[in-house]
Amino acid sequence: MDFDSVNAKMKKFALSAATALNRAVQYTEEKLGQAEKTELDAHFENLLQRSEKTRQWTEKLLRSSETLLQPNPNIRMEDFLYEKVDKKKRDRYTNAEQLGQVMIDSGNDYGPGTAYGNSLIKCGQTHMQIGNAEKEFVQTACNNFLSPLKNFLEGDMRTITKEKKVLETKRLDLDACKSRVRKAKSQAGSQQPDPYMNPVLVEAEADLRVAQSEFDRQVEITKLLLEGISSTHAHHLRCINDFIESEMNYYAQCHQYMLDLRKQLGGLSSFISCAPRSIFAPSATELGNNSNAGAQPQLASLSTFYPNPSAPPAIEVTAPSPNVEKKYARVLYDYAAADLTEISLTADELITVHSLPSLGDDYVMAEKGHNRGKVPVNYLQILN
């Protein structure tokens, strides 16, 4: 057995234990106010505070951005685990895509030839486009914004934190050496005429010079890293600009998709064909008041349904005159509305109808519940 090797290891272990004990004693005495602490200059302290603020706010920005891009915490945790095991993330439907798929399926079930089914399909296709745009936005934001933040926290900030801890240990060693020198001087001054001939004092001062040199060197290393925070801020500023640019493009795409959808649905015609009857025909009380005054009935305002002043002009609909004779009719055959100005009918159901000069002889205006629209006469049997 190599006793010299064992002896060297034991000495090294004892030295490390003694150093750790000295640091612990120095730290405790500083907390109790019984020992002096080497203070750093004001500029260095400002750099330390700025780095700590940068770390804290970067972590908060990262968490909030991840929540914005993926609100579901379970999915975020799943993606985190996939990332840690270096496995590709699952391709999921976004909420918009899920809604779009349901709309498309329901529209196909109702029938693409019906007004309702066709509208559902168009809405579903638009939401699928919005979902794809959302995926592109999330991917771009992750690459241009989230990844730089993560890289900073896991790279530069981790290195800075490590060097700050090393600096703190070097400071504790330096202050412990200063305490030993003061104690050695105090003891040597009372025992010998020349205190500097005391070997304990000489050894303590030698250790102090080494500790001071190591501390100064570590201060310079840490200071260089802390000053690099300025370039980090500049880089993150460019990342924020990229993030805002991608977010702006995403919302612009969504806005354009919705404008196209509104054009496909015919602007306000969907509101007119499906709105309650009360917005087109006045109530019985209003009819009585208007007939007494000789006034014509007026259409209710559509501003409640579409207050946007930039919306396309409303489709003109003529309200029935109070003197129009309404009749009951039985539906002979099923009828699917060809467009949003018509209504769909089911065989054998009863509806009320009245004629309008603008419709000619082939169509009549039909009312079924709150729905109102034109239907072909040859699909009906007039009962009275």
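Modeller: Start with Asp348, which counts as exposed at 55% relative accessibility, because exposed means over 50% relative accessible area, buried under 20%, and partly exposed in between (1.4 Å probe, protein chains only). The model is predicted: local features need pLDDT of at least 70, side-chain atom pairs count only at pLDDT 80 or more, and totals for chains, interfaces and linings use all residues. Residues are numbered from 1 along each chain as its sequence is written, and side-chain values use heavy atoms, with hydrogens and water left out.

Colleague: What makes Arg330 and Asp348 a salt bridge?

Modeller: A salt bridge needs a side-chain nitrogen of Lys or Arg within 4 Å of a carboxyl oxygen of Asp or Glu. For Arg330 and Asp348 the N to O distance is 3.1 Å, so the pair qualifies.

Colleague: Why are Glu52 and Arg55 called a salt bridge?

Modeller: Their N to O distance is 2.3 Å, so the pair meets the definition.

Colleague: Why are Glu52 and Arg55 separated by about one helical turn?

Modeller: Because they are three residues apart in helix α2 (residues 42-69); a helix is a DSSP run of H or I, at least four residues.

Colleague: How do you know whether Glu52 is buried or partly exposed?

Modeller: Glu52 has 25% relative accessibility, so it counts as partly exposed. Arg55, at 22%, is partly exposed too.

Terms used:
Helices (H or I, at least four residues) and strands (E, at least two) are DSSP runs, numbered from the N terminus.
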